[in-house]
Amino acid sequence: RPRLLVVDDSPLLARAYRRALGEAFELTFAASVGEAVRCLQAPGLFDLVVCDMHLPDGTGVQVHQASVALDPTQADCFVFLSGGAFDGEEGAYLERLDNPRLHKNMSLERLRSTLAGLLSG
């Protein structure tokens with residue numbers, strides 16, 4: 001099974017992701033930038049990363065930048081999530097990337113199809 005890191009501080013969403021994606025993916029969860037960076041220390045450990053833009057100790061941009069610094073091949077493996085707008089400095093950073101951006105109110109089917117599209121190339 002593909003390995004998926006979910007970076008989100010919401011326990012409710014973690015349960016939803018586990019139910020929706022647990023059979024198709026080997027899941028690891030991180031609730032902060034610090035936890036996510038520790039998970040990403042081993043290059044190539046994850047096939048995909050679903051990352052919230054707003055975390056208790058920083059942003060999804062910081063997770064992405066740390067991941068790319070550790071393993072540049074991870075750059076395209078991210079899907080970014082936000083409960084609000086993708087704007088400001090974070091939005092400007094994301095505009096330079098081709099990574100998918102989804103709003104947290106998306107259907108889990110939309111998330112599954114986005115992840116399947118990334119895995120298929």
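Predicted model: local features only at pLDDT ≥ 70, side-chain atom pairs only at ≥ 80, totals over all residues.
Start with the packing. The largest nonpolar core holds 19 residues. Those with the most contacts inside this core are Leu-5, Val-7, Leu-40, Val-49, Cys-51, Val-63 and Phe-78.

What does Cys-51 touch, leaving out residues up to four places away in sequence? The list is Val-7, Gly-60, Val-63, Phe-78, Val-79, Phe-80 and Leu-81.

Next, the cavity. Searching the whole structure for cavities of 30 Å³ or more gives 1, and the volume of the largest cavity is about 30 Å³. Its lining consists of Leu-40, Ala-42, Pro-43, Gly-44, Ser-67, Leu-70, Asp-71 and Gln-74. By type, that lining is 4 nonpolar, 3 polar and 1 charged. Leu-40 is on the cavity lining and also among the residues with the most contacts in the largest core.

Last, His-103, which sits in strand E7, residues 101-103. Is His-103 buried, exposed or partly exposed? His-103 counts as partly exposed, because its relative accessibility is 38%, and the partly exposed class lies between under 20% for buried and over 50% for exposed. Beyond four places in sequence, His-103 touches Ser-82, Gly-84 and Phe-86. Phe-86 is 17 residues from His-103 along the chain, and their C-alpha atoms are 9.0 Å apart.

Definitions and conventions:
Residues numbered from 1 in each chain as written. Heavy atoms only, no water. 1 Å grid on protein atoms, 1.4 Å probe; cavity = no way out; pocket = protein on both sides within 12 Å on 5 of 7 lines; lining within 4 Å. Points joined across faces, edges and corners; volume = space filled by probe spheres on them. Nonpolar A, V, L, I, M, F, W, Y, C, P; charged D, E, K, R; others polar. Core = buried A, V, L, I, M, F, W, Y, C linked by side-chain atoms within 4.5 Å. Buried < 20%, exposed > 50% of the residue type's maximum accessible area, 1.4 Å probe, protein only. Contact = heavy atoms within 4.5 Å. Helix = DSSP H or I, 4+ residues; strand = E, 2+ residues; numbered from the N terminus.
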